[in-house]
Amino acid sequence: MTGQRHWSQMQDWSLDWGMRLLFAVYRLCGRRMLQVFLYPVVSYYWLANAEARRASRDYLARLAAFEPDLKLSASLFHSYRHFLTFANAIIDKLAAWSGLIDINDVEFVGREQLLADLGAGRGALLLASHLGNPEVCRVMADRDAAVKITVLVHTKHAAKFNRLLRRYNPGSAMNLLQVTEINAATAMLLAEKIEQGELVVIAADRTPVNGGRTLSVDFLGAAAKLPIGPFLLAGLLKCPVYYLFCIKQDNRHRIVFERAGDALSWRREQRDAAVRQAACRYAQRLQTYTVSAPLQWFNFYDFWQT
């Protein structure tokens, strides 16, 4: 990547004191008062994190060229708005875990079909992304008590964040599982969870921490790399596969469970072609939702590896 750090080596800004301060203000004083504190905290992050700021502007430039009707640009103003949206998403993430997001503020799309698949006795694999706020789907675990959710995360902060979230909601049916690679042991653990009727969520839009295999797909008019692991996992688990998108529109969270199909299957000689087709289809759907919520794209690193 010619001097660019891998995304996993970058500091996790969402766990810093500023986000905790903002959430404390939100819990005590509400969303309106939060905005008063939001600007100085985000301004500090935006000014101090030059690498993320460059990534933001690069993304906005590509988006502007790909979809001019959005009327966005790589300006400092739009980059700052991008950071503001991210900070609000972190607050929403913690609010979801602490039970402060009302079920009436959430719109589900495709939930009935997902529950029908779960009713057949097996779980499902959800391919998520860093678009929007997929953690808000935690409210589904509150609404449907029998639904258990395991989210795979590739960050050393997973255990720390788990403890923080447990503090706000000790009885949560959603768990973060830290993994650095999808190996045989990981696949067996996840297969057990699927057999028990659980939902397994994995982001499919970031390259592996350990430098594992990737493939190139077209995204916003240029080649970008996706990890092979999540799509291989979709074949190994032999369960229904869904795309998971959660974006915020008109102050409401819209959670979309879009069925990608039944379990991926292939003969040995067809595996690479089947995985590539699945990855390209995922990239197309991710692109569609990204254009619909352009400032909710939260990959603040050199996604296209320029």
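## Confidence across the model

Helix H7, at residues 158-168, has the lowest mean pLDDT among the elements of this predicted protein, at 61. At the other end of the scale sits helix H3, residues 50-66, with the highest mean, 95. Averaged over the protein, pLDDT comes to 83, and 83% of the residues score at least 70.

One stretch deserves a look before you set anything up: over residues 6-10, pLDDT stays under 50. For that stretch the model has 13 contacts beyond four places in sequence.

## Overall build

The protein has ten helices and nine strands. Of its 306 residues, 53% count as buried. Among contacts with a separation of 6 or more, 76% join residues 24 or more positions apart.

## Helix H4

Helix H4 covers residues 76-97, 22 residues in total. From its first C-alpha to its last, H4 reaches 32 Å, close to the 32 Å expected at 1.5 Å a residue. The helix is mostly covered, with 17 of its 22 residues buried. Just after H4 comes Gly99, which takes a positive phi of about 80°.

## The second largest pocket

H4 turns up again here. The second largest pocket has a volume of about 440 Å³. Its lining has 23 residues, and those closest to the centre are Thr85, Asn88, Lys248, Leu295 and Gln296.

Which element gives the largest share of this lining? That is H4, with six residues. Helix H2 (31-48) and strand E8 also supply at least two residues each, as H4 does. By residue type, the lining of this pocket divides into ten polar, eight nonpolar and five charged.

## The enclosed space

Turning to cavities, the model has two of 30 Å³ or more. The largest cavity holds about 70 Å³ of space. Four elements each supply at least two residues of its lining: helix H9 (229-237), strand E8 (241-249), strand E9 (252-261) and helix H10 (271-292). Strand E8 therefore belongs to both stories, since E8 also supplies at least two residues of the lining of the second largest pocket.

What is the make-up of the lining of the largest cavity, in nonpolar, polar and charged residues? The residues divide into eight nonpolar, one polar and two charged. Including Leu127, Phe231, Val241, Tyr243 and Leu264, the lining also has Gly261, Asp262 and Arg281. Ala234, Ala260 and Ala278 line the largest cavity too.

Terms used:
Residues numbered from 1 in each chain as written. Predicted model: local features only at pLDDT ≥ 70, side-chain atom pairs only at ≥ 80, totals over all residues. Heavy atoms only, no water. Expected span 1.5 Å × (residues − 1). Buried < 20%, exposed > 50% of the residue type's maximum accessible area, 1.4 Å probe, protein only. pLDDT = per-residue confidence, 0-100. Contact = heavy atoms within 4.5 Å. 1 Å grid on protein atoms, 1.4 Å probe; cavity = no way out; pocket = protein on both sides within 12 Å on 5 of 7 lines; lining within 4 Å. Points joined across faces, edges and corners; volume = space filled by probe spheres on them. Nonpolar A, V, L, I, M, F, W, Y, C, P; charged D, E, K, R; others polar.
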